[in-house]
Each structure stands twice: as structure tokens, then as C-alpha cells.
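Hello,

Here is the structure we talked about. Please look it over before reading my notes below.

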Amino acid sequence: METLKIAVIPGDGIGPEVIAEGVKILKRTAELDGRFQFDFTYFPWGCEYYLQHGRMMDEDGIDQLKAFDAIYLGAVGYPGVPDHISLWDLLLRIRKSFDQYVNIRPIQLLNGAPCPLLNGSKEKINMLFIRENSEGEYSGAGDWLFKGKPEEVVLQTGVFSRKGTERIIRYAFDTAKKSGKSVTSISKANALNYSMVFWDEVFEEVSRDYPDVPTYSYLVDAAAMHMINDPQRFEVVVTSNLFGDILTDLGAALAGGMGLAAGANINPEREYPSMFEPVHGSAPDIAGKGMANPLAAVWSASQMVDFFGYEDTGKTLLDAIETLLEENRVLTPDLGGTASTSEVGDRVSDILQEMI
Ligand code: NAI
Ligand code: MG
């Protein structure tokens with residue numbers, strides 16, 4: 001039997017609450033599947049750790065994480081620690097150090113999930129966003145000149161390398177080819193006259209290697225409109241770091257809300273561990289009340305199971321989430337229910353038992 005070593009970073013706010021359910025369900029999944037087992041190691045990193053130690057993670061934290069097969073993370077950030085510190089010193093450090101240059105975010109409306117569109121359905125809302133996760137607008141490059149003076153100037157530079165742009169676009173094409181889907185590129189070449197003209201050129205170049213994959217290309221503003229008016233035109237979508245960040249929150253709203261939005265940060269070469277995490281943050285407004293929806297964390301866990309090559313079981317886990325939504329009985333308040341975080345986790349676990 002394969003043993004999968006998982007580093008668990010529950011983090012802040014509702015992070016530990018939803019991760020507890022995710023771990024519960026991963027354990028149950030492994031027991032029921034029988035081909036693999038998990039070995040979980042917990043790391044107490046996050047904002048509380050920062051307030052005690054003056055840093056978000058151990059100094060050699062990245063080295064400690066290297067030995068794991070994957071990282072399972074809740075959320076980081078809490079009032080009292082500036083968001084740019086909590087984000088850069090933990091999450092972004094892990095993403096960058098481990099070259100997790102692919103951010104996969106499924107925007108898929110499951111049966112039973114609420115949708116703000118009049119005619120939203122599972123058939124119409126089924127996109128896979130592949131967001132560039134290592135450079136672009138979030139490269140951190142820039143300068144702050146003449147601080148506080150009347151001539152003050154700030155520069156926030158987008159960095160688009162050939163290697164970085166090509167590998168994310170190629171990843172999207174490979175994904176689409178495997179599943180017989182189209183690829184849509186989202187950019188903004190009319191206004192961003194260097195970076196996005198370059199992006200479009202690379203998209204065009206790479207597409208020639210995949211003559212059987214249909215392609216579309218939209219400006220980001222038009223894409224935002226089409227996602228509402230005609231979501232079914234999107235299948236596999238590839239876009240830059242900033243555009244992907246914004247559009248996947250829009251997508252989350254289409255597909256049931258933040259409580260159902262899952263994400264994976266992938267190092268495709270598997271040279272380093274990949275990281276699986278719900279898209280949502282630490283939700284200080286509901287933290288500690290046992291009312292956070294754990295389904296985004298559970299969905300991320302199913303992405304982890306897929307990543308390890310047990311895609312049949314990953315799919316079963318997603319089906320279990322869908323069954324729970326269709327039952328419309330044991331749901332957290334964000335989905336109109338009255339159940340607690342752990343009651344939802346227990347119900348998913350029971351459904352799994354019935355399914356596997
Ligand atoms: P948030 O995602 O934490 O919360 C936004 C809204 O969605 C809140 O009303 C919250 O109650 C609700 N919500 C989020 N997840 C939910 C869940 N599982 N179940 C039910 N309701 C849920 O975003 P916000 O408030 O902007 O950020 C709070 C903190 O989290 C900040 O410190 C921010 O920096 C951090 N953050 C961390 C992220 C991460 O770790 N990847 C991502 C986004 C924010
Ligand atoms: Mg975001």
C-alpha cells in the first residue's frame with residue numbers, strides 16, 4: 001500500500017475548522033479505497049505563530065516541507081497581522097519556493113448548489129481555470145520613489161517571461177487535449193501593450209502544436225461579461241495571475257459561493273510538493289463559531305487524491321459532495337442550512353461509505 005506524506009498547515013480563523021473535516025474525510029477515503037494511506041504532519045504556522053515568534057513559519061520551514069508528497073492548507077491571514085505579511089511570508093513563499101506555477105480552480109456548478117444566474121445549470125457552468133501562479137502582475141517587482149513627497153511615484157511591474165508564459169499555456173493545452181475540450185485564453189492586449197501582446201503571441205505559437213484543440217481568445221473585460229451571459233462557452237481557461245485571481249472569484253459566485261471554491265497549486269514536474277487549499281480566506285467574521293462550510297476544503301482534498309493518480313476515487317469524493325448538496329438537508333448557513341462544520345464533514349463521510 002502506498003503511504004502519502006501530507007504536511008498540514010491549518011493556518012488561521014476558519015482554516016483549522018475546515019481542515020479538520022478535510023483530514024477526517026481523507027482518512028475515511030483512504031480506508032475505503034484501500035490502495036493508499038495518509039501520514040499527516042501538522043505545522044502550527046500562521047498569524048498566531050507570527051505574534052509569538054515574529055515570523056509566519058520556521059526559518060527553515062521550506063526545507064521541512066520539501067520531504068512531503070503534498071501540502072494541505074486551510075487559510076492564512078488575521079486581523080492584527082498586515083495581510084501583505086501573512087500572504088508573502090507563508091503562502092506566496094511556499095508557492096514560489098516550490099515553483100507551483102499552475103493554479104487549478106474548477107468553476108463547476110454541482111447539482112444542488114445555489115447559482116445566482118436564472119438558468120444556471122451543471123451543463124452550462126463547467127469551466128477549469130488554469131491561472132498562472134508564479135509571475136505576471138504578482139511578481140512583486142516594482143519600486144516606491146520619493147515616499148511621502150509631492151513627486152511620489154510607485155511602480156508595480158508585471159513580469160512575463162517566455163518560459164513562464166509558455167509553460168502555463170502548454171499546461172492548459174495538455175489538459176484540454178486529454179479531456180477533449182477547448183482552450184480559452186484571457187488577456188488584454190489592447191491596453192497592456194507589452195505583456196499581453198506577448199501573451200497572445202505565445203498563445204498563438206503554442207496552439208500550433210495542438211491543431212485538434214479548439215481555441216478562443218477574449219479580452220478580460222469581455223470575458224467577465226461572457227462568464228455571466230454565456231458561461232457555457234468556457235471549458236479550459238488559461239489566464240494571468242491577476243486576471244485569474246479576479247475571474248475565479250466571479251466564478252466562485254457562479255458556482256455556489258466561497259464555501260465551494262477549491263484550488264490546487266501544482267508543480268507539474270513533481271520536483272517539489274504541490275499545495276491544496278480552499279480559495280477562501282480565514283473568514284474572521286465567522287471564525288470559532290463552527291459554521292464555516294468545509295466543502296471547499298473537501299473539494300481541494302479531492303483534487304489532491306486526483307493528483308496522486310487515484311482519479312476514480314477523487315471523482316467519488318466530488319460525487320459525495322454533490323449528493324450532500326442534492327439531499328439539501330445537512331448544509332452550513334452560507335448554503336441556507338443550519339448544520340455545523342463537523343456535521344457536514346460527518347455527513348460527507350457517511351455518504352462516501354455508502355458510495356465506495
Ligand atoms: P474570506 O474568504 O476569508 O471571507 C469572505 C466572506 O466569505 C466572509 O463573509 C466569510 O464569512 C465568507 N466565507 C469564506 N469562506 C467561507 C466558508 N468556508 N464558509 C462560509 N463562509 C465563508 O476573505 P476576506 O474576508 O477578504 O479575508 C479574511 C482574511 O483571510 C484576510 O486576512 C485575508 O488576507 C485572508 N485570505 C487568505 C487567503 C488564503 O489563505 N488563501 C485567501 C483570501 C483571503
Ligand atoms: Mg483571491
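In this predicted model, 18 residues of domain 1 are in contact with 24 residues of domain 2. Contact here means C-beta atoms, placed from the backbone, within 7 Å. Two elements each give two or more residues to the domain 1 side: helix H4 (83-97) and strand S4 (102-108). S4 supplies the largest share, seven residues. By type, that side has 10 nonpolar, four polar and four charged residues. Nonpolar covers Ala, Val, Leu, Ile, Met, Phe, Trp, Tyr, Cys and Pro; charged covers Asp, Glu, Lys and Arg; the others, Gly among them, are polar.

Domain 1 is 1-109 + 259-356, and domain 2 is 115-255. These bounds come from an automatic or database domain assignment. The domain centres, taken over C-alpha atoms, are 24 Å apart.

Now helix H9, residues 295-307. Helices (H or I, at least four residues) and strands (E, at least two) are DSSP runs, numbered from the N terminus. H9 has 13 residues and spans 18 Å from first C-alpha to last, close to the expected 18 Å. The expected span is 1.5 Å times one less than the number of residues. 12 of its 13 residues are buried, so H9 is largely enclosed by the rest of the structure. Buried means 20 or more other C-beta atoms within 10 Å of the residue's own; exposed means 12 or fewer, and partly exposed lies in between. Among the buried residues are Trp 299, Met 304 and Phe 307. Just after H9, Gly 309 has a positive phi of about 95°.

On conventions: residues are numbered from 1 along each chain as its sequence is written, with chains lettered from A and ligands numbered from 1 in the order written. Local features need pLDDT of at least 70, side-chain atom pairs count only at pLDDT 80 or more, and totals for chains, interfaces and linings use all residues.

Best wishes

Notes:
Contact = placed C-beta atoms within 7 Å.
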